[in-house]
Amino acid sequence: MLKKIFTKKKNKTTREVIVLEVDASKLSSLKHSLDAIIKREIDGVLIRNFLSKDEVEILKSGFSDVKQEELTQYDEGMFLYPKAFSGIDPREQISDKKFQETLVDSEERWKLFSRRFGVDFHSKVTRVLSSLSRRRRIDLIKGDEEIGVYTPQTFRYLEAGKGQFKTHCGVAFQQEFKPFYDRLSKICTIRDQISYFVTVQKPQSGGELILYGLDWSEAERLVNENSVLIDKKGKEYNLLDEDQVKCYKVAPNQGDLILFSEGELWHRVSAVVGDVSRLTLGGFMTRSKDDKSLKMWS
Ligand SMILES: O=C(O)CCC(=O)C(=O)O
Ligand SMILES: [Fe+2]
């Protein structure tokens, strides 16, 4: 009895995170799920066994041939190939001419991508993403006069013992990387961007994707080394306190594909623990201005 009186009542202050889980062979039931993410009715979908074991091994071995100098470091223990944002510094105001040149470079690299890595991940993933979005067409984003292309997908390599993605969300990125997103917003509705990635190499532990039950529109300000969010009224949410902020934590298996609301949903990837690095391959997509197709970049 005493124990009962003094047990602190758990006071969860945020909503649950809703991620639907389905096997890749049973996707037909989910043809509205992309719209449901955009409408913020659900947060994401986890598709088990999207790639076969063989495809995973082929990608892993393809990536092991990428030379150190081809990787770009974005943070401690975090490397990408090819470069994100099609190779430019997304904070930098650059001329249309220079941007167009980077898209031409991206196209050169992109043309070789499937051949180099032995699996046509792009065709496979666009087929599935289209089937989750009422069969909308999925397009690459081209440069002027259809020349050049935004790199649609990147490998993300998080080094064993170090790599992580700190807490972020797409809308916060759109403010931080305004020059890049201003250009993109002429082509598509960037606000409700969706993130997707397949796990190619799963670490021994850590490297979990953590989705918090808080949208950017509910709490915009991130402080305290990315561990606290503050809403417009000044209310603080401690992201490290699971009693206060509900979260969905997952370390997908190799070959699993996950998609979720990158735009609104605050999320992070925890530090990789152990000797095995984490390798994922993915990108972002969002609706075209006329809502007829989806556009991809990374
Ligand atoms: O694990 C990854 O590849 C990226 C995680 C992430 O922040 C995202 O997909 O938006
Ligand atoms: Fe993200």
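Two strands are taken as paired if DSSP finds at least two bridges between them. The legends below describe a predicted model.

**Figure 1. Overall fold of the protein chain in the predicted model.** Seven helices and 19 strands make up the secondary structure of the protein chain. Along the principal axes, the C-alpha atoms fill a box of roughly 70 × 40 × 40 Å. The radius of gyration of the protein chain is 19 Å, which agrees with the value near 19 Å for a compact globule because the chain has 298 residues.

**Figure 2. Burial and contacts in the protein chain.** Among the 298 residues of the protein chain, 37% count as buried. Of the contacts with a separation of 6 or more, 80% are accounted for by residues 24 or more positions apart.

**Figure 3. The open sheet of four strands, in the order β7-β16-β10-β14.** Pairing within this sheet is antiparallel. Its edges are formed by β7, residues 165-168, and β14, residues 247-250, each of which pairs on one side only. On average, and with direction ignored, neighbouring strands of the sheet are turned by 15 degrees against each other.

Methods: Residues are numbered from 1 along each chain as its sequence is written. Chains are lettered from A and ligands numbered from 1 in the order in which they are written. This is a predicted model: local features need pLDDT of at least 70, side-chain atom pairs count only at pLDDT 80 or more; totals for chains, interfaces and linings use all residues. Helices (H or I, at least four residues) and strands (E, at least two) are DSSP runs, numbered from the N terminus. The radius of gyration is taken over C-alpha atoms; the globule rule is 2.2 Å times the number of residues to the power 0.38. A residue is buried if 20 or more other C-beta atoms lie within 10 Å of its own, exposed if 12 or fewer, and partly exposed in between; C-beta atoms are placed from the backbone. Two residues are in contact if their C-beta atoms, placed from the backbone, lie within 7 Å. Axes are lines fitted to C-alpha atoms, for helices over the stretch in contact, and angles run from 0 to 180 degrees between N-to-C directions.
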